[in-house]
Amino acid sequence: MSGAARNNIEYAVPEGVLGLKGPVEKPAPGTLPLRGDLAHIALAGTHLAAHYVIPHVRVVGTGGAGLRLTPHGDSEVFVQLAPGSRFELLDLAGDWVWGSPGPAGPAGWCQAAELAPASD
């Protein structure tokens with residue numbers, strides 16, 4: 001993910017042993033930056049995932065960005081992100097990126113072209 005800035009100060013890797021205490025209700029798709037295979041690093045103490053990711057902080061482009069549950073053009077946009085707003089990129093798949101405005105969500109896929117060019 002070259003060209004994307006990392007913000008290690010805001011989301012530091014948790015120290016010590018992480019563990020969940022009791023069952024956690026699975027959130028509805030798109031509500032949190034959490035999938036079965038990965039999750040936002042800020043959710044490490046509250047939700048189980050195979051991998052935790054420190055996000056690459058980006059900015060939504062001038063046309064805004066539409067979040068979708070799947071990385072397909074025919075997938076319905078469930079949230080529209082405003083131009084210039086924060087986007088925390090967590091995963092890339094071709095022309096699509098998965099992330100959220102922050103650890104509280106919502107989370108989904110948008111086209112990479114909907115984000116402003118990365119600044120170095």
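Which side chains meet in a salt bridge at 2.9 Å, N to O? They are those of D37 and R35, where a salt bridge is a side-chain nitrogen of Lys or Arg within 4 Å of a carboxyl oxygen of Asp or Glu. Before we go on, note that this is a predicted model, in which local features need pLDDT of at least 70, side-chain atom pairs count only at pLDDT 80 or more, and totals for chains, interfaces and linings use all residues. Residues are numbered from 1 along each chain as its sequence is written, and side-chain values use heavy atoms, leaving out hydrogens and water.

Let's stay with R35. This residue also forms a salt bridge with D91, with the closest N and O atoms 2.7 Å apart. D91 lies in strand β7 and R35 in the loop between β1 (5-6) and β2 (39-40), so the pair ties together parts that are 56 residues apart in sequence. Strands here are DSSP runs of E, at least two residues long, numbered from the N terminus. Together, R35, D37 and D91 are linked in a network of salt bridges.

Both D91 and R35 are buried, while D37 is partly exposed, with a relative accessible area of 37%. Buried means under 20% relative accessible area, exposed over 50%, and partly exposed in between (1.4 Å probe, protein chains only).

Now to the nonpolar cores, sets of buried Ala, Val, Leu, Ile, Met, Phe, Trp, Tyr and Cys residues joined through side-chain atoms within 4.5 Å. The largest one has nine residues, among them V60, F87 and L115. Strands β5 (65-68) and β7 (86-93) each give two or more residues to this core.

Definitions and conventions: Helices (H or I, at least four residues) and strands (E, at least two) are DSSP runs, numbered from the N terminus.
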